Amino acid sequence: MRHFPVFRELRGRRVVVSGAGEAAVAKLRLLLKTEATVIVYGPDPHAQIRRWADEGRLIHMPRPVDHGDALCAALVYGANEEAQEDARAARIGHAAGALVNIVDNLDDSDFITPAIVDRDPVTVAIGTEGAAPVLARRIKAETEERLAPSLGTLARIGQGFREAANALPHGRIRRRFWSRYYDEIGPRVLAEGGEEAVHAALDALLVQMLGEDRENGHVALIGAGPGDPELLTLKARKALHEADVVIHDRLVSPEILELARREAIVIEVGKTPNGPSWKQADIDALIVEHAAQGAHVARLKSGDPVVFGRLDEEMDALDAAGISFTIVPGITAASAAAASIGVSWTKRGRNAAFRLLTGHDIAGFADHDWRSLAQPGHGGAVQPAAIYMGVRAARFLAGRMLMHGASAETPVTAIENVSRSDQKIVATTLDRLPDALTEAGITGPAILFLGLSPRQAMEASDLIDMPATGVV
Ligand code: SAH
């Protein structure tokens with residue numbers, strides 16, 4: 001970040017604009033939103049500048065800027081559209097100790113003016129360091145659309161009510177007061193009854209919330225999906241944003257944790273295969289402890305919490321403690337993995353059932369009904385299945401499958417780090433599986449698909465061809 005965004009106080013300060021043409025008009029449209037005294041220097045001014053001067057919104061001096069003009073100015077703009085004159089303005093500004101901006105000249109400017117979404121007193125400033133004005137415009141348009149025009153009015157009224165609201169205890173109750181005001185009551189009452197009604201509604205809400213008992217905690221057991229934040233549900237996003245405490249698995253990606261509020265307490269309760277791990281009972285106790293103190297807890301699990309997520313233990317612990325919870329489903333790793341290689345879990349004429357298996361359970365490598373897994377289904381191939389936590393168990397499970405009669409040629413596809421930038425796909429066969437995983441360096445979380453290979457077209461374009469093995 002070459003430029004650091006700050007909001008500069010301009011009340012009672014002077015802003016000097018050198019130049020009185022088109023470029024100056026563009027900057028003045030923004031500057032006139034402020035409470036600064038704006039002085040424009042330049043002969044032969046643009047008609048708009050003359051109008052603003054007549055309206056008393058700025059002072060126009062029909063001559064070039066000169067030494068002494070920038071004394072005590074907070075900002076000086078060089079908007080002459082002429083390099084020499086701008087450089088002269090910059091020297092005058094710097095001599096007076098002001099910050100200088102030269103229009104359309106990043107390198108000679110002390111600061112740059114961002115694109116602005118104005119909901120005064122709420123201001124959104126958008127900067128791209130001059131790299132992508134198109135992007136800035138798009139973000140501005142999207143933000144304009146998202147922020148209701150009434151937001152400024154609501155914020156101004158809210159600002160006047162801050163001291164009164166301090167009667168509520170600091171922390172989540174006060175936060176909830178403001179969320180209810182900005183999210184529900186404020187916009188509705190403003191639309192129905194105008195500003196006066198909003199004042200009354202704020203008074204009523206405060207009285208109501210002062211009378212409420214201490215809030216109960218709540219836990220949202222959330223599926224965070226396989227890693228790509230775009231694969232979060234809107235519900236998950238909302239619950240995450242509302243949480244006071246975020247308790248997450250190791251596999252929940254940093255990009256998703258970024259979506260938590262800045263003040264939220266974030267705790268990782270990772271379980272590493274063969275590494276240091278949190279015990280499930282301690283995780284249960286931790287969730288209960290925070291919720292019992294009245295916190296809203298977001299318990300983030302990778303994928304979908306209902307798939308190999310130890311969900312039931314956590315629900316039981318919450319029930320036992322009398323704490324309410326909701327489950328927010330997510331996209332399970334095998335679902336996103338199927339999308340990555342362009343295959344379906346089920347396909348008419350191929351398989352009418354699909355199994356989710358774990359390669360590992362509490363006792364170690366998980367045992368399954370290998371005979372039924374190895375049995376050929378429709379068309380002679382094994383019934384497709386997704387294996388979670390199967391990488392380290394690969395040699396064991398390939399051995400069991402072969403022993404129970406599965407064909408050595410049975411296709412197996414491993415997809416590591418599904419939906420993340422470091423996703424890897426290995427397409428191989430049952431007999432080659434353990435070696436193919438080692439050769440491809442698959443060590444992270446992966447889904448193994450038994451009996452499924454990547455869709456032909458994808459295979460050709462995305463996979464490096466190896467005899468019976470492809471790796472991306
Ligand atoms: N609840 C999770 C599964 C948790 S068990 C879900 O629904 O996806 C952990 C296993 O999930 C890992 O060993 C791996 O097999 C799989 N997994 C989780 N995230 C993954 C990812 N991004 N890519 C591939 N596999 C993943």
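Domain 3 (218-328) and domain 4 (334-471) both contribute residues to the shell around the ligand, so the ligand sits between them. The domain bounds come from an automatic or database domain assignment. This is a predicted model, in which local features need pLDDT of at least 70 and side-chain atom pairs count only at pLDDT 80 or more, while totals for chains, interfaces and linings use all residues. Residues are numbered from 1 along each chain as its sequence is written, and side-chain values use heavy atoms, with hydrogens and water left out.

Back to the ligand. There are 18 residues around it, and Pro226, Asp304, Val307, Thr332 and Ala446 come nearest; a residue is counted as near if one of its heavy atoms lies within 4 Å of the molecule. Sorted by class, the shell has 12 nonpolar, four polar and two charged residues. In this scheme Ala, Val, Leu, Ile, Met, Phe, Trp, Tyr, Cys and Pro count as nonpolar, Asp, Glu, Lys and Arg as charged, and the others, Gly among them, as polar.

The backbone is worth a look here. For Pro226, a backbone N or O atom lies 2.8 Å from a nitrogen atom of the ligand. A backbone N or O atom of Asp304 is 2.8 Å from an oxygen atom of the ligand, and one of Val307 is 2.7 Å from a ligand nitrogen atom. Taken alone, the ligand exposes 540 Å², and the protein buries 92% of that (accessible areas come from the Shrake-Rupley method with a 1.4 Å probe; for residues, only the protein chains shown count as cover).

As for the chain overall, it is divided into domain 1 (14-113), domain 2 (151-210), domain 3 (218-328) and domain 4 (334-471). The centres of domain 1 and domain 2, taken over C-alpha atoms, are 40 Å apart.

Now for some individual residues. Asp69 lies in the loop between strand E3 (59-61) and strand E4 (73-78); helices (H or I, at least four residues) and strands (E, at least two) are DSSP runs, numbered from the N terminus. With 10% relative accessibility, Asp69 counts as buried, where buried means under 20% relative accessible area, exposed over 50%, and partly exposed in between (1.4 Å probe, protein chains only). The side chains of Asp69 and Arg63 are joined by a polar contact of 2.9 Å. A polar contact is a pair of N or O atoms within 3.5 Å; within protein, one must be able to donate a hydrogen and the other to accept it, and residues adjacent in sequence count only if both atoms are side-chain atoms. Apart from neighbours within four places in sequence, Asp69 is in contact (heavy atoms within 4.5 Å) with Arg14, Val16, Tyr41, Arg63 and Pro64.

Asn101 belongs to strand E5 (residues 99-102) and is buried, with a relative accessible area of 4%. Not counting residues up to four places away in sequence, Asn101 touches Lys27, Val76, Tyr77, Gly78, Ser109, Phe111, Ile112 and Thr113.

His248, in strand E9 (residues 245-248), is buried too, at 6% relative accessible area. His248 and Lys301 are 53 residues apart in sequence, yet 6.0 Å apart in space, C-alpha to C-alpha.

Ala366 sits in the loop between strand E15 (364-365) and helix H12 (370-374), buried at 3% relative accessible area. From Ala366 to Gly441, 75 residues apart along the chain, the C-alpha separation is 23 Å.
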